[in-house]
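Please look over the structure shown below, and then read the briefing that follows, which takes its topics one at a time.

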Amino acid sequence: MTYFRATDPFPLESADHTKLHEFYARLGQGTLATTKCAGCGTAAWPPRGFCPECGADTFDWVELSAEGTVHAFTVQETGLPAGFEGPRVFAIVKVDGHRVFSILVDADPVKLAVGQKVRLAPLRVADDPKGNARWLPAFRPA
Amino acid sequence: MRKVALVGAGVSKFGVRKATYRDLIWEAGKACFDSVPGVKPKDVEGLVVGSVMPERTAFQSHISSLAAEALGIRPSALSARTEHMCASGTVGIRYAYAFIAAGLADLVMVLGVEKLNQPTGDEAILNMGTGVDREWEAAFGLTAPPCFALAAQRHMAEYGTTEEQLALVGVKNHTHAAKNPNAHFNKGATLDQVLCSRMISTPLRLFMCSPITDGAAAVILAGEERARALTDKPVWIRGTGQALDGFQLTSLHEDYAHWPAMKRAAQAAYKMAGIGPHDVDLAEVHDCFAIAELIAYEELGFCHKGEAGPFVAEGRSDYGGDIVVNPRGGLIGCGHPLGATGVAQAAEVFVQLRGEAGARQVDDAAIGLTHNNSGMGEHVVMLYGREAR
Ligand SMILES: [Zn+2]
């Protein structure tokens, strides 16, 4: 037996594993969605299966804009986790009033600025153990 | 409620240790028992162990029983593990305090332990990702540095805090650590060294960050009568407070230069102790990153909001200033073995308030504060006194 890392940092996204599978399915098709509470109408970010405002656990999916603006960012150059490489641009992107934590891909750190427009760029990561594709909601400069 | 005091404390050497998880428990346990000759392991009624990720780093759960057996403790009143990321040790002290204050136990050890270093360094960092939200944050490769980097940027933009002022926190804490034989780093650091160290996450450089460290620490708490019987110099728990604002980065107070949960935790502790920030002689605050220490000065009330940069630059948080912050060397100088950190801070306050801190002694220290964050929106504060009230 060789040394191995017992590590999968990515969410299990399929319907076998999460109540929020619709989010990932839509993301794989290029759209950003979130949950809107069926009880009180509050739209959440990130999507959630229980509403802290009214206590309901039913929701509808609503589509969010594919465009956002950079609210804050930092460039991590070193000290990244195994499997992740620097420089890596971590950002908070404002999308339809929501603060969305993400990374910016294909971004030149020197040219980046707060207030800059960015577009959704779904990022494909490692498939799950059953071979299902997995996606994360990343952004790139518009 | 009964009064509760620390009667013993001990710390292992912190660092990249050639030691197992259990070796570290033995070291801290021995140092702690050596500090209070009247207590043998069989006398201890309860054990609380603060430890964050032994499942990942040592492939081990069932921690409190393992530690009890390693030290020869047979708990009769309390046995538990606490996990609250970087505040796990202090959260354990709060549990032990509450049990003793309520009369459910009389003599309890709190031990914090973490074996973070792994055969491969990037795996140790990957494990740290378990401390943020896996699905919405860690999946992107997020660990703590970018979070606190965003706070530093806000503080710089809002209050004109400079890179040099951030660096001075690193200089101070590395300098203090040079007088602490148990610290991870013992060489000190100059302003140039800090400012020229490699960039971790803009604007935080290596020497403005706490390292990945192995270590353990232990304290023993007792009810009033037992405490007075065991030692002439008990160190009393005078106040405690804890408050949370949010877990995910995007659910916190939007302006990261302000940490309202920290202010709430501090105010609860001050109120309970019947004292204010200007009564505090030394503070062991959670400088996981230099910016966290600067914001701590403000939210704990040592200086006004926005004035933390000048506060450190003028030496007001150092020996000879208003208050000595992180005489032990802080997380930047001592390292940050998560679960052990809060307990090691309490151990520092223990020796300081007893006048036993040697080269690190703060003159006539009567009140000590410890603080941990588990992220910008989660804080716990303890106040200790030389006098019971
Ligand atoms: Zn609702």
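**Salt bridges, a zinc site and a helix**

R154(B) and D255(B) are joined by a salt bridge whose closest N and O atoms are 3.4 Å apart, a salt bridge being a side-chain nitrogen of Lys or Arg within 4 Å of a carboxyl oxygen of Asp or Glu. This is a predicted model, in which local features need pLDDT of at least 70 and side-chain atom pairs count only at pLDDT 80 or more, while totals for chains, interfaces and linings use all residues. Residues are numbered from 1 along each chain as its sequence is written, chains are lettered from A and ligands numbered from 1 in the order in which they are written, and side-chain values use heavy atoms, with hydrogens and water left out.

**Salt bridges**

- Over all chains, the structure holds 29 salt bridges.
- R154(B) is partly exposed, with a relative accessible area of 36%, whereas D255(B) counts as buried at 18%; buried means under 20% relative accessible area, exposed over 50%, and partly exposed in between (1.4 Å probe, protein chains only).
- A salt bridge also connects the side chains of R316(B) and D322(B), at 2.8 Å from N to O, and here R316(B) is partly exposed at 31% relative accessibility, as is D322(B) at 44%.
- In the salt bridge between D364(B) and R386(B), the closest N and O atoms are 3.0 Å apart.
- D364(B) lies in the loop between α14 (338–353) and β11 (367–373) of chain B and R386(B) in the segment after β12 (378–385) of chain B, so the pair ties together parts that are 22 residues apart in sequence.
- D364(B) counts as exposed, at 59% relative accessibility, while R386(B) is partly exposed at 31%.
- R2(B), E45(B), D106(B) and R226(B) are joined into one network by salt bridges that share partners.

**The zinc site in chain A**

- The SG atoms of C37(A), C40(A), C51(A) and C54(A) are the protein donors of the zinc ion and lie 2.3 Å from it; donors are N, O and S atoms within 2.8 Å of the metal (3.2 Å for Na, K and Ca), and sites may look incomplete because water is not among the atoms.
- Along the chain, the donors follow the spacing C-x2-C-x10-C-x2-C.
- C37(A) is in strand β1 (residues 32–37) of chain A and C54(A) in the loop between β1 and β2 (59–64) of chain A, 17 residues apart, and this pair links distant parts of the chain.
- C37(A) is buried, with a relative accessible area of 7%, whereas C54(A) is partly exposed at 39%.
- G39(A), which has its place in the loop between β1 and β2 of chain A, counts as exposed at 53% relative accessibility.

**Helix α4 of chain B**

- The 14 residues of helix α4 (residues 88–101) of chain B should span 20 Å at 1.5 Å a residue, and the end C-alpha atoms are 20 Å apart, which agrees; the expected span is 1.5 Å times one less than the number of residues.
- α4(B) is mostly covered, with 10 of its 14 residues buried, among them V91(B), I93(B), Y97(B) and I100(B).
- After α4(B) comes G103(B), whose phi is positive, near 85 degrees.

Key
Helix = DSSP H or I, 4+ residues; strand = E, 2+ residues; numbered from the N terminus.
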